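These are my notebook entries on a structure that I had not looked at before. I wrote down each thing as I looked it up, together with the terms I needed.

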Amino acid sequence: MEPTLLRFILRHSLRQQIGVVVLTLVSFPFLYYSLDLPKTIINQAIGGKNLPAAVFGFPVDQVSYLMFLSGVFLILVFVNGGFKYAINVVKGRLGERMLRRFRYELYTRILRFPLFHFRRVSQGELIPMITAEVEPLGGYIGDAIAQPIFQGGTLLTIVAFMFIQDPILGAAAVSLYPIQGYIIPRLQRRVNRLGKERVKAVRKLAEQIGESVSGVQEIRAHDGARWQLARFTHQLGLIYDIRYEIFRRKFFVKFLNNFINQLTPFFFYSIGGYLVIQGSLSFGALVAVLAAYKDLASPWKELLDYYQQKEDNRIKYEQIAEQFQPEGMLDESLMAPDAETLDRIEGDLHASGLTLVEEDGKAVLESVSLQLPIAGLKLAVVGPEGQGKDQLALLLARLVPPSGGQIQIGGRDLLALPTSVVGRRLAYVGPSAYVFSSSLRDNLLFGVTHGPVGQPVDEGEDAALAATRRREAELAGNSPDDLRADWVDKREAGVADAAGLLDRLCRLLERVDLEADVYQLGLRGAVDPRRRPDVAESLLAARRSLRERLASADLAHLVEPFDRGAYNTNATVAENLVFGTPFGTAFDLDRLAEHPYVVSVLDATGLSDTLIDTGRKVAETMVELFADLPPDNPFFDQFSFISADDLPEFQALLARVGRETPSAMKPEDRQRLMSLPFKLINARHRLGLVDEDLQRRIVEARGAFASGLPADLGREIEFFDSERYNVAASLQDNVLFGKLAYGQAQAASRVGLVVTEVLDKLGLRPVVLEVGLDFAVGIGGSRLTQAQRQKLAVARALLRRPDLLILNQAIGALDGAAQGRVLTQVLEETGGRGLIWVLSRPQWAKQFERVIVVKGGRIVEQGSYAELDRPGTALTELIKQD
Amino acid sequence: MSLAEEVALLKSIPLFAKIEPSKLKLLAFTSERLAFDPDQELFRQGDPGDAAYLVIDGEVSISIDAPAAPTGRIEVAKLGRGAIVGEIAILCDVPRTATVIARGKTVTLRISKELFFRLITEFPQIAVEVMRELAHRLEKTNLQLREARTGKPH
C-alpha cells in the first residue's frame, strides 16, 4: 500500500486526474470572457463609447449590439455552468472509484492479516476505519489535483483580469493574501493534531461498543452496566473536549479569514473611488473589478477549504494505512485468484525443528520434528492443556507461521504454497469454528466455495448491466468475480450434480450426528410451493396418508383435524374464527379483538355481545381463581388469562359493569372483555364457556369472515384448506393439518413418530432435510447450539475431502456418547486420506493408528497406541489423570 | 369433562374433601388433565419424577422391577378412581420407585411437583391427608413384612 495519499492518488488515478485537469483548463477561457463581457456591455453597449459598426459583418446599432452582447453573456453562463457540471460529475466518479479501491484494498489486507494480529486489533476498530473513516477520502480524491488547479486558476484568472484593468487595484486585492498564507497553515497544524487524536478517540469508542455487544451477557449477569456507562461517558468526554477544541480553532480561522477578506473592499472603495474621481480609472472598470472581486472571494475560500481538507485527508490516510500493514501478513501472491491448484497432495508431512515463540518471548513449541506419510494417516495428538498441542495444529494448518523450523508437505514448503492449495487440500477445524450468518447449506458448502465455476447465464439488459458492473469493478481494482455465478465446486465435493450434492450433504449430516437435528429443523421450516410444486404435492399426500395411518394405529384421537364446517376444540377461539395462518402482522391472533375488520364481522353476525358476555365470565373465573394469590405467583404467567397487574383493573371493571347488558357497556370495557375469550381453548381450559351453540355460531362467523374479506387483507391470511398446501405454515403443520389434542398423554411425541414414519415411507426424508438445510443459523450461528455448530464445522471440512484434515478439539461441546460416535464416523469417512486429531480427551487415542504426546512444547512420545499403552508412559499418565 | 365436574370429583376424594371448592377449582384449572390409552405408561421405575397423578377415571397398575419374573416386573397394586400415584418421587426427590401403567382408558389429573408442594404448604388439610395415606401404606407394608417373616397370614 502506498505510504502517502498523494502517491496512492497518482498511482491509481493519474490518467483520470489529467483528464479532469484538462477539462478544467479548457473551461478557463470561457470563464475569462464571461468576466470581461460585463465591462464591454457597460462601457460600449450601454455607455455608447467605441460602438463597433458591424459584428461578424452584420451592421449593428446600440440596442441590437447590447442585445447581441447580452445574448453572448447568457451563452457563456450556460457554457460555464455546463463545464462545472461536467467537471463535478467526472471528479465525483473518480473519487468514488478511488474510495472503492481503497476500501477493497483495506479489506483484502484484513483477509491477509496474521492471526495473532487479531489479538491486538478489534472488530470495533477495523469496521469504522473501512466504513466511516475513509468515506470523506472519496470526495477529496476527486478534488485532489483538479481543485487547486481549478480554484487557483480561477483565482489567477480573476487576479490577472484585475491587474489588466488596473495594476494598483489588482495589487490591493491580493495584498493581504501573503499574510493569510502565512498565518492559516500555522493555525491549521494544531487542528490537524487534534484531528488525529479525535480519530483515535472515536476508534476507542467503537471498540468499547463492540466489546459491550459481545459481552452483554456478562455485563447483565454481573450488574456491570454502571461501570460500562461510566467508561463510555469518560470516552465521550474525551471526544467532546477534542471536538470542541477543533471547532473553536476552526471557527477562529474562519473569523480571521472573513475579517481579512472584508478589509479588501475597503481598499477598493477608497482607492478605486479616488481613481474614478480623478478620472484615471473608468467607472465601468471599477464596477467590473468589484464584480470580479466578489467572484474572487469564492475561489479563495475554496482554496483555503481545500487546504484544510487536504490536511484532514492526508492524516486520515496515513493513520489508516499504518493500521493495515502489520508484520507477518500473508504474501499477496499466495492469495492470488490464479494461483496454482493441486488435485492431490501425496507423500510425507515432514516437520523439522518447529519452534513457535509468542509475542512475550515465551516458546510454546520447541524443536518439534515429525515425519509421517499423509495417505491414510490417522494421528492422534494428545497432551495437557496449553502445552503446545493447539499451536502444533495451527502450525500444521499454516494458520500461524512458525518462528523457526520448516514444514514440508508432499515435498513442498508449506509456507510457500498458495491458499488455493493449502485451503483446499488441507482442512482445519478448531474448537470454536465460526458459523456464518446464512443458511445451514451455505455454511456446509462454504468449504467448496473458492471461486466461480462457469459464468452466470445472462440475457438482454441483465447481461449489459452485469458487464457494466464488471467493468466498474475492474476500474476500481476490485474483484472481477460475479456473485451470481455458480460458486459451488461440485468436483471437489466429489459429486456430479445437484442431486448428488444433496445426497452427500445428507450423508455427512449423518456422519456428524446432525441429521436428526436438521430433520427437526426441516419439519419446522417452510417450503415455497411455487418453487417446489412437487414437494407441496407430496406433502399433501403425506397429509392424507397421516390421517389413515393415525386411524389404523388407533391414534386418531390425538389429532383434531381442521374442518371448515366444524369447531376445533383444541384451537383457540381466535384460530377458529380466522381459520387460517396469518402471514404478517395485520392479523395478530393475540390482538384480534382490536382489528376493525374482525369487529365488523362479529357485529354483523351478532357475535360481539355473546363474546363480551363470555369475556365477562372468563374475567369472573380468573378473579375467583387468582384473586387470593400473591401477584408474584408463577401461576399468573402460566395459567391466567389476565396478568397479575391487570387483575385489579378487571375486578373494578366487573364491579362497574355489574349485570349490565353488553350493549349498555362503554366501548373500552367492551373491547377489554372481548379480548379475553379469543384465547380460550375448549379442550385445554375446560371452562365450558364455549358451548355448542356458540361453537356453531363461531363456525358461521368463520364463513362470513372469509367471504367478506377485502382483497388487500386477503393476502394476509392463508386459509386452512384440506386440499391446498398452506404457504404460511411449517412443513410439520402442513402434514398434521390439525391441532394436537390436549389432555392426551405424550400426544406430541406419539404423533411425531407417525409423522416421521409417514414422511419416510413416502420418501420425503431428503426433502425435509433439504428444507432443514435452508434454516437460517443466525448471527455467528447463534440459533444453533454450540454442539450443533461444532458438528456443522466438521461436516463442512469433510465435504471437500481434504488430503489432510486437522481437527483441533473440534467436538468438545458434544456429549460423551456423541463424541464417540462422531469420532468413529470421521475416522471412517476420511478413509485413505490423512487425519490429525488433537484430542481433548486422551482415551479416544485408542482408535488411532499413531499417537503423539505433546507436553511442555515438545513431542515427548510417539508411536502406535499399542506401543504407548503400558505403565509409565506419558500417554498412560494422561489417561489416568483424565 | 368440564372443570366443574372435575371439582365435584375432587371433592369426593378424601384427600381433598375438606378443601374449599374455589381452591379445588384452582387446582383443577392449573393441572393438566391427561388421558392414557390402555397399557400406556404413566411413568417408569427409575425415571426422574416431576409430577404426581390423580386418577379421575379408570384403573392403573403399579408394578416394580423384578428381573426374575417372566415379564420383568411384578404388580404390587391396582388403584382406581380417587387414588394418587407418583407422589413419593416428588416428595422425596428420588427416581420413580415403581412403574405405573394404565389398565384401560384412564384419565388422570397431572399435578406438577411445584403445584403439589404449594398445595401441601398452603393447605394443611391436604398435608395431613397425604400423611395419613402414607401412614396407611406404611402400616400395610409392615403387615406384609410381618407376614413374610412369620410365614403365616394375618
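**Entry 1: a helix of chain B.** I began with α5(B), and since two of its 27 residues are buried, I noted that this helix lies largely in the open. By "buried" I mean that 20 or more other C-beta atoms lie within 10 Å of a residue's own, while 12 or fewer make it exposed and a count in between makes it partly exposed, with C-beta atoms placed from the backbone. I then checked the length of helix α5 of chain B, residues 124-150, whose end C-alpha atoms are 38 Å apart, which agrees with the 39 Å that 27 residues should span at 1.5 Å a residue. The expected span is 1.5 Å times one less than the number of residues in the helix. Helices (H or I, at least four residues) and strands (E, at least two) are DSSP runs, numbered from the N terminus.

**Entry 2: what kind of model this is.** I reminded myself that the model is predicted, that local features need pLDDT of at least 70 and side-chain atom pairs count only at pLDDT 80 or more, whereas totals for chains, interfaces and linings use all residues. Residues are numbered from 1 along each chain as its sequence is written, and chains are lettered from A and ligands numbered from 1 in the order in which they are written. The scores I found are ipTM 0.80 and pTM 0.78. For pLDDT, the predictor's confidence in each residue from 0 to 100, chain A has a mean of 88, with 100% of its residues at 70 or more. Chain B averages 84, and 97% of its residues score at least 70. Within chain A, confidence is lowest in α22(A), with a mean of 74, and highest in strand β15 (residues 804-808), at 96.

**Entry 3: the domains of chain A.** I looked up the domain assignment, in which domain 1 covers 5-323, domain 2 covers 330-515 + 780-882, domain 3 covers 526-562 + 721-773 and domain 4 covers 579-719. These bounds come from an automatic or database domain assignment. Taken over C-alpha atoms, the centres of domain 2 and domain 4 of chain A are separated by 57 Å.

Entry 4: Helix α2 of chain A, residues 62-112, has 51 residues and reaches 74 Å from its first C-alpha to its last, close to the 75 Å expected at 1.5 Å a residue. Its buried residues include A:Tyr65, A:Leu69, A:Phe102 and A:Arg109. Among the elements that cover the buried residues of α2(A) I listed α1 (5-46), α4 (135-143), α5 (146-165) and α14 (460-475) of chain A.

**Entry 5: the cores.** A nonpolar core is a set of buried Ala, Val, Leu, Ile, Met, Phe, Trp, Tyr and Cys residues joined through C-beta atoms within 7 Å. The largest one has 179 residues, of which A:Val381, A:Val794, A:Ala795 and A:Ile806 touch the most other members. Helix α21 of chain A (residues 607-626) gives the most to this core, with eight residues. Another core lies apart from it and has 19 residues, including A:Phe161 and A:Val289.

**Entry 6: where the chains meet.** The contact takes 10 residues from chain A and 14 residues from chain B. On the side of chain A that touches chain B, α21 and α22 (634-639) each supply at least two residues.

**Entry 7: two residues with positive phi.** A:Arg398 has a phi near 60 degrees, a positive value in a residue other than glycine. I found A:Arg398 in the loop between α11 (389-396) and β6 (404-409) of chain A, and it counts as buried because it has 22 C-beta neighbours inside 10 Å. A:Phe579 is not a glycine either, yet its phi is positive at about 50 degrees. A:Phe579 sits in the loop between α19 (573-578) and β12 (580-582) of chain A, and with 23 other C-beta atoms within 10 Å it is buried.

Methods:
Two residues are in contact if their C-beta atoms, placed from the backbone, lie within 7 Å.
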